[in-house]
Amino acid sequence: MVKLTSFDFFRKLPREYTYGTASGGVLSILVLLIVPMLIFFETLTFLSGEIQTDIVIDPNSEENLRINFNVTMLRLPCQFTEIDVFNFFGSKRRDIEKEIQKVVVTGQMGEKFLHYHYEVPRPAVDNPARAAKTLVPPGFQVKSLNKDNFNETLQKDKFAFVNFHAEWCHWCRELQPIWKSFAVAAEQKDMNVNIYNVHCPDNPEICGQQQKIAGYPTLRMFHQGTALHPDFQFQRTEDVLLKYVEKVIIDSHDGPPTRSEKPRAVAAVREHAEEGCNVSGTLYVKRVPGNFVVLANSRDHNFDPKGTNTTHIVHHLTFGDQLTPAQLKQIPKNARHDIDPFEKELFSSPAEHTSHEHYIKLVSTFYRLGRLGSSEVLGYRITASNHFYDSEPSVPDVKFSYDMSPTAAVVTRGGRRWYEFLTNLFAIIGGFYVVMELTDGLFYR
């Protein structure tokens, strides 16, 4: 019978014919240290899988597109901040107010949140003549302030109500007879408030640099020279103006409160100079090329294009359903930036009349995140280019224009076959052992 030892490919030398060396001991220790480390990294690579990206014709058949945004307009108050949505066919979304949230902010980078902004219902004044009830004496004029007497006069008055206006402003001209009638009525009622006008084109130092007036007319209350916040935002009739002043005086019986002391006060101490607006929310639009615009708008204010500053920060702008943190963690790092390339980016207006436009190309991306691609998640990767331009004579705005790529990316995270893993593992162990044996041969002659 043939003995099994005759088939032995791994014949051994008797132990008495071998002996150890110092160099062999050092190399053996290196083998014991390095080989487990190589096995660990090879196993980790196998479990992590490999990333593969394929380009295909976009199979995405979704009818609607979700837009997730968070933008801060650093120099545009919330009462004038509006978002309009247009698509390729010229359709405009008009019902988006319920889908967005506005927060009044201040600070150089809008870092301080003051309070949420809620739109105040303000019926239109159908007949300005009826809105002014008190008879105005012939020749009566509301007192005007200028840069020479503005601060001194307001500091002497316990309460002052100032109309910041411009002669080219339609709503300012419509307000003038009502403002005169209101001033006469306040004087007759001995309301302890002085009424003034400030013509902003003649006083840019007051309106632009000091008071940061954004829209005309702006009606602002002062207490001994200190501005109160928010500005008057109600219907511009004599009766409403009188009730507003009465309420401010009552709330300020012991001095005007801060917003934290009396959050429901009609007006409190204005604790900030610059006022901006953080606007965020989710929009659902048709999945066709279009744009959404952040602009200064009001149905009863006019805006000076020269004084409208569209400096803004894009904190967040993504398309499609929000990916969970667990899903984002599995996406390759180089792809995560393309999901939200705008993250916390500042876009400054270097001059007057500056508008900004962001061109966005959307690429549908299917992430097959599970082992062997068992689960699939749809997202959008973004490529964007940004520029600003002189928009004179129009009021500056910020436009985000988006379009869809006809192709899609399929990102697959898959694993190697088990026998490929074992082959690599044995190659690493055997190869490293042979290298160490050859190295030992160089040292020992």
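**Figure 1. Cysteine 200 and cysteine 207 in the predicted model.** Cysteine 200 is buried, as is cysteine 207. The model shown here and in the views below is predicted, not determined by experiment. The two residues are joined by a disulfide, with 2.1 Å between the sulfur atoms of cysteine 200 and cysteine 207. The angle about the S-S bond is -80°, and the link of cysteine 200 and cysteine 207 is left-handed.

**Figure 2. The disulfide of cysteine 78 and cysteine 277.** The sulfur atoms of cysteine 78 and cysteine 277 lie 2.2 Å apart and form a disulfide. The pair connects distant parts of the chain, since the two residues are 199 residues apart. Cysteine 78 sits in the loop between S2 and S3, while cysteine 277 belongs to strand S13. Here the angle about the S-S bond is 100°, and the link of cysteine 78 and cysteine 277 is right-handed. Cysteine 78 and cysteine 277 are both buried.

**Figure 3. The disulfide pattern of the protein.** A search of the whole structure gives two disulfides. When the bonded cysteines are counted along the chain, the pattern is 1-4, 2-3.

Figure 4. Cysteine 169 has a relative accessible area of 0%. Buried means under 20% relative accessible area, so cysteine 169 counts as buried. Cysteine 172 has a relative accessibility of 2% and therefore also counts as buried.

**Figure 5. The largest nonpolar core.** This core holds 31 residues, of which Leu317 and Phe319 touch the most other members. Eight strands are listed below. Two or more residues come from each of strand S2 (64-73), strand S3 (81-87), strand S13 (276-286), strand S14 (290-296), strand S15 (312-319), strand S17 (354-368), strand S18 (376-390) and strand S19 (397-414). S2 gives the largest share of the core, five residues.

**Figure 6. The surroundings of phenylalanine 319.** Leaving out residues up to four places away in sequence, phenylalanine 319 touches Leu65, Arg66, Ile67 and Asn68, among others. Phe319 is, with Leu317, one of the residues that touch the most other members of the largest nonpolar core.

Definitions and conventions: Residues are numbered from 1 along each chain as its sequence is written. This is a predicted model: local features need pLDDT of at least 70, side-chain atom pairs count only at pLDDT 80 or more; totals for chains, interfaces and linings use all residues. Side-chain values use heavy atoms; hydrogens and water are left out. A nonpolar core is a set of buried Ala, Val, Leu, Ile, Met, Phe, Trp, Tyr and Cys residues joined through side-chain atoms within 4.5 Å. Buried means under 20% relative accessible area, exposed over 50%, partly exposed in between (1.4 Å probe, protein chains only). Helices (H or I, at least four residues) and strands (E, at least two) are DSSP runs, numbered from the N terminus. Contact means heavy atoms within 4.5 Å. A disulfide is a pair of cysteine sulfur atoms within 2.5 Å.
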